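Open the model in your viewer and colour it by chain. The stops below each give a selection and say what to look for.

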Amino acid sequence: MSKSSKKVYLDYAATTPVDKEVMEAMLPFFCINYGNASSLHSFGQKSKEVVESSRTVIAKGLNMENREIIFTSGATESNNLTIKGIFNALSRHPNFSTKKLHFITSKIEHPCILDSMKYLEKTFKDLVEVTYLDVDEEGLVDLKDLERVIQKNTVLVSIMFVNNEIGTTEPIKKIGQLIKTIKNQRFKSHNKYPLYFHSDATQAPSYYKLDTKDLNLDLITINAHKIYGPKGVGVLGVKKNTIIEETSHGGGHEFKKRSGTLNVPGIVGLGKAFELAEKQRKENVKKVRQLQDYFINKIKSQIKDVGLNGSTKHRTPNNINFSFEGTEGESVLLMLDQEGIAVSTGSACSSNSLEPSHVLLAIGKTHLQAHSSIRFTLGKFSTKKQLDYTVDKLKSIIEKLRKISKGVKF
Amino acid sequence: MYSKKVMDHFTNPRNMGEIKNPDGEGEVGNPVCGDLMKIYIKVESKDKQEMIKDIKFQTLGCGSAIATSSMVTELAKGKNLKEAQEISRDDVANELEGLPPAKMHCSNLATDALKKAIKDYYSKK
């Protein structure tokens, strides 16, 4: 409910507006070329053709082969498919039935990773074990910690590329090198257990080149609606020879890895969005990084008792996450919304649970700090003027809320 | 998510602030859920009844925590202590035209803080 006619969107990590160029590319595939990409007639073949062009664009960008690109309904499905698909395939495989399968992830992953892992642990406790790696106060996974926990039966390491809440960029390349070394050792020691490296790169494509060969990634998740594409479509890149089984059974689409009629307009949109992300990356990084520096410095200089959450060095250009002492995130969010400014919070009060952000707790913040956090995420349509307006409003909102909470102390 | 009335009390909280030398004060909350409230009361005896003459609150918390604090002070002001003690979390939620289910614990806190303030008053007597 906004009393302001001004609209400032600073929640690009939640979702992005669809780029006009993307929407235009999609439009013909609703009412004109609406064929099912599996149909043999001309309607179907036209759809198949555009699906394959999108596949080529994405395969090229990820440095993968076309048949390694699996279209899904989004990052949640891609991440679920990674974890459950690898588990399903390996747990029934005669070579790997003697030991429990060991999975590794970090404590700051998106809930779709953490909850999929927990689901396996709960449902198949005799077949699987999971290690949740701690992170440091900046949100970084430690390579030595990771090396220490990799065992002979470790089959999957899943570490996100960019954390969605605090923007920390994980050392994916270094982790990839470590995984490669271990794979070579396994080969020499005749350990037949595969070791797959997956990264949820949902927040990454606008700002980072995702060359899976360079990064030694076996699986990668991307999503259209975080890169100015439509909602409801994503990709799981799966290197060939990865032992993985479909979790959604049916018509055997997507190289028998994901059944379900292809979302043709969505896939066209994703292809276009990914192409634009590649093309505009350099310019975007420069522009958004400058805005980020400007915004962080301005908040620090204008508002007292604030703390930047996350890393200064290993941080994606578009994320700014602050805790404002003496306030609660949801209250700040609601008051900013009344001024037309859209942000996000790490406070539980915006969700149905009482626990605040698991990410902020994992980097050692107190419950109180976590509850007082606000995430601002920028994008290619953000402007300096919008940020000036935001800091101006934010300053008086924080003052007002601190006046209301004055005198109460934990 | 919130009713108009909640947003009104959140945006323009009634009786916000501190009473110097209060007759009773009550503080409740916990850092895990992130809400903390303090209620101050001033009591006046009139026609053999003890009335809440003035009441103020300070709250660190979400929209619902601030709105319920504000509403409790409005409901309690001018009531005798017995009536004030009987204000329930449902009363507060109803007066605010409803609260999201997950937020009901916040209104609970507001009435708890008031009860604590009244108790504090009795214990000092």
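Predicted model: local features only at pLDDT ≥ 70, side-chain atom pairs only at ≥ 80, totals over all residues.

**Stop 1**

Select residues 24-30, 35-46 and 49-60 of chain B, which are strand 1, strand 2 and strand 3. The three strands form an open, antiparallel sheet in the order 1-2-3. Strand 1 and strand 3 of chain B are at the edges with a single partner strand each, so one side of each has no neighbour in the sheet. On average, neighbouring strands here are turned by 20° against each other, direction ignored.

Zoom in on the pairing of strand 1 with strand 2 of chain B, where seven bridges join the two.

**Stop 2: a crossover in chain A**

Select residues 101-106 and 128-133 of chain A. These are strand 3 and strand 4, which run parallel and are joined by six bridges. A:Leu101 has A:Val128 as its bridge partner. Show residues 111-123 as well: the chain passes from strand 3 through helix 5 of chain A to strand 4, in a right-handed β-α-β crossover.

**Stop 3: the four-stranded sheet of chain A**

Move on to the open sheet with strand order 9-10-13-12 in chain A, where the pairing is antiparallel.

Helix 10 (residues 264-302) of chain A lies across strand 9, strand 10 and strand 13, at about 10° to strand 10. Helix 11 of chain A lies across strand 12 and strand 13, at about 45° to strand 13.

**Stop 4: where the chains meet**

Which residues form the salt bridge between the chains? The side chains of A:Glu330 and B:Lys103 do, at 2.6 Å from N to O; the count between chain A and chain B is one salt bridge. Helices 11, 13 and 14 of chain A are the elements that give two or more residues to the side touching chain B.

For the whole contact, select 27 residues from chain A and 29 from chain B. About 2400 Å² is buried between the chains, 69% of it from carbon and sulfur atoms. Ten residue pairs are in polar contact across this interface.

Key
Residues numbered from 1 in each chain as written. Chains lettered and ligands numbered in written order. Heavy atoms only, no water. Pairing = 2+ DSSP bridges. Axes fitted to C-alpha atoms, helices over the stretch in contact; angles between N-to-C directions. Right-handed = clockwise from strand over helix to strand, strands pointing away. Contact = heavy atoms within 4.5 Å. Buried area = accessible area lost by both parts, 1.4 Å probe. Salt bridge = Lys/Arg side-chain N within 4 Å of Asp/Glu carboxyl O. Polar contact = N/O pair within 3.5 Å; in protein donor to acceptor, adjacent residues only side chain to side chain.
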